[in-house]
Amino acid sequence: MSVHSPTLPPGQRLIGGFPRFGTHLQRPAPAVPSDPVIQISGAVAKPFALPLAALATLPRRELTADFHCVAGWSATNLHWEGVAFETFYRMIIEPSVQPDTSVTHLVFRGLDGHRSVVSIEDALAEDVLIAERLDARPLDGDHGAPARLVSPDQYGYVSTKHLCRIELHTAEPTGVHTSPAMRLLAPHPRARVWEEERHRLLPAWPLRPVYRLLIPPIKFLSARGSRSSRTPPAPS
Ligand SMILES: Nc1nc2c(c(=O)[nH]1)N[C@H]1C(S)=C(S)[C@@H](COP(=O)(O)O)O[C@H]1N2
Ligand SMILES: [Mo]
C-alpha cells in the first residue's frame with residue numbers, strides 16, 4: 001500500500017524531497033538563541049515568553065502530512081513531531097488572554113522577520129502543529145530550527161519557520177506590504193490548498209506557469225543559504 005497521498009491539491013506538482021525554500025532566499029538560517037523562547041504578545045493581560053524547552057512537557061503530537069508551497073511544489077509524507085497548536089493555545093495562551101476579549105487572528109513571527117497571519121479558526125484546526133522534529137530528527141536550520149508552525153492544509157507561507165513570537169489580535173491585522181506590487185501578491189487570508197486560495201487579490205490559475213518558472217531559481221538560492229551546502233571547516 002502506498003503511504004503517499006493519492007492526489008495533490010489543484011495546481012501542485014511533486015518536487016523531489018523537501019527543499020529549503022522561502023522568502024529568505026540565499027540568506028542563511030538565523031542563529032538559534034542559546035535559550036530560545038516563544039514570545040506571546042498582543043491581546044494578553046501581560047506579554048510573556050515561554051521557553052521552548054517547555055514544549056517537551058506538553059502533550060506531544062505526531063503528524064504525517066504533505067507540504068504545499070504557493071509556488072506549486074509539494075513534498076509528501078513528512079513526519080512532524082511537536083505539540084498540537086490547539087493544545088498550545090488552550091494550555092499556554094488562552095489563560096492569559098484579556099477578559100472579554102475575542103481573539104480573531106494570530107500573527108506568527110520567525111527569527112528572520114518572516115510573518116504569517118492566521119485566523120483563529122484555521123490556527124486551531126486539528127492538524128496544525130508547533131513542530132521541533134522532522135523525520136525523527138530535531139529541525140535543522142533549513143526547515144525552521146528551533147521550532148516552526150506546520151499547517152499542512154494551508155500554503156507553505158503560513159508555516160512560519162524559526163518561530164519566535166505569536167501575537168494575538170482582535171481584528172485582522174492590516175498588511176505590512178506597502179508597495180502596490182507587494183499588495184497585489186498579498187497572501188490569501190485563508191490560504192487553503194484544496195481551494196487553491198493562493199492570493200487575496202490575484203486569481204490562482206494564471207499565476208501557475210509564472211510560479212513554475214520561479215521554483216528552480218528560488219530553490220537554487222535557498223540552497224545557497226543552506227548549512228549543508230557550506231563547506232565544512234578543514235580539520236586542524
Ligand atoms: N521564517 C520563515 N518561515 C518561512 C519562510 C521564510 O522565508 N522564513 N518561507 C515560507 C515558505 S514560502 C515556504 S514554502 C516554507 C518552506 O519551508 P521549507 O524551507 O522547510 O521547505 O516556509 C515558509 N516559512
Ligand atoms: Mo512557499
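Trainee: Why is Leu78 called buried?

Mentor: Buried means under 20% relative accessible area, exposed means over 50%, and partly exposed is in between (1.4 Å probe, protein chains only). Leu78 has a relative accessible area of 4%, so Leu78 is buried. Leu78 belongs to strand β5, residues 73–84 (helices are DSSP runs of H or I with at least four residues, strands are runs of E with at least two, and both are numbered from the N terminus).

Trainee: What are these values based on?

Mentor: This is a predicted model, in which local features need pLDDT of at least 70 and side-chain atom pairs count only at pLDDT 80 or more, while totals for chains, interfaces and linings use all residues. Residues are numbered from 1 along each chain as its sequence is written, chains are lettered from A and ligands numbered from 1 in the order in which they are written, and side-chain values use heavy atoms, with hydrogens and water left out.

Trainee: Which residues does Leu78 touch?

Mentor: Contact means heavy atoms within 4.5 Å. Not counting residues up to four places away in sequence, Leu78 touches Phe18, Leu63, Thr64, Ala65, Phe67, Leu134 and Asp135.

Trainee: What about Asp135: buried, exposed or partly exposed?

Mentor: Asp135 has a relative accessible area of 39%, so Asp135 is partly exposed. Asp135 lies in the loop between β8 (129–134) and β9. Its phi is near 50 degrees, a positive value in a residue other than glycine.

Trainee: Why does Leu25 count as partly exposed?

Mentor: Because its relative accessibility is 29%, Leu25 falls in the partly exposed class. Leu25 is in the loop between β1 and β2 and has a positive phi of about 50 degrees, although Leu25 is not a glycine.

Trainee: What makes Phe21 and Trp73 an aromatic pair?

Mentor: Rings of Phe, Tyr and Trp (its six-membered ring) pair if their centres lie within 6.5 Å; planes under 30 degrees apart count as stacked, over 60 as edge-to-face and the rest as tilted. The structure holds nine aromatic pairs. Phe21 and Trp73 are 5.3 Å apart centre to centre with 70 degrees between the planes, so the pair is edge-to-face. The pair links distant parts of the chain, with Phe21 in the loop between β1 (13–14) and β2 (37–42) and Trp73 in strand β5, 52 residues apart. Both Phe21 and Trp73 are buried.

Trainee: What kind of pair do Phe85 and Phe108 form?

Mentor: The pair of Phe85 and Phe108 is edge-to-face, at 5.4 Å centre to centre and 70 degrees between the planes. Phe85 has a relative accessible area of 0%, so Phe85 is buried. Phe108 has 1% relative accessibility, so Phe108 counts as buried.

Trainee: Why does His162 count as buried?

Mentor: His162 has 1% relative accessibility, so His162 counts as buried. His162 lies in the loop between β10 (148–150) and β11 (163–169). The residues that His162 touches include Ala145 and Pro146, and the peptide bond from Ala145 to Pro146 is cis, with omega near 5 degrees.
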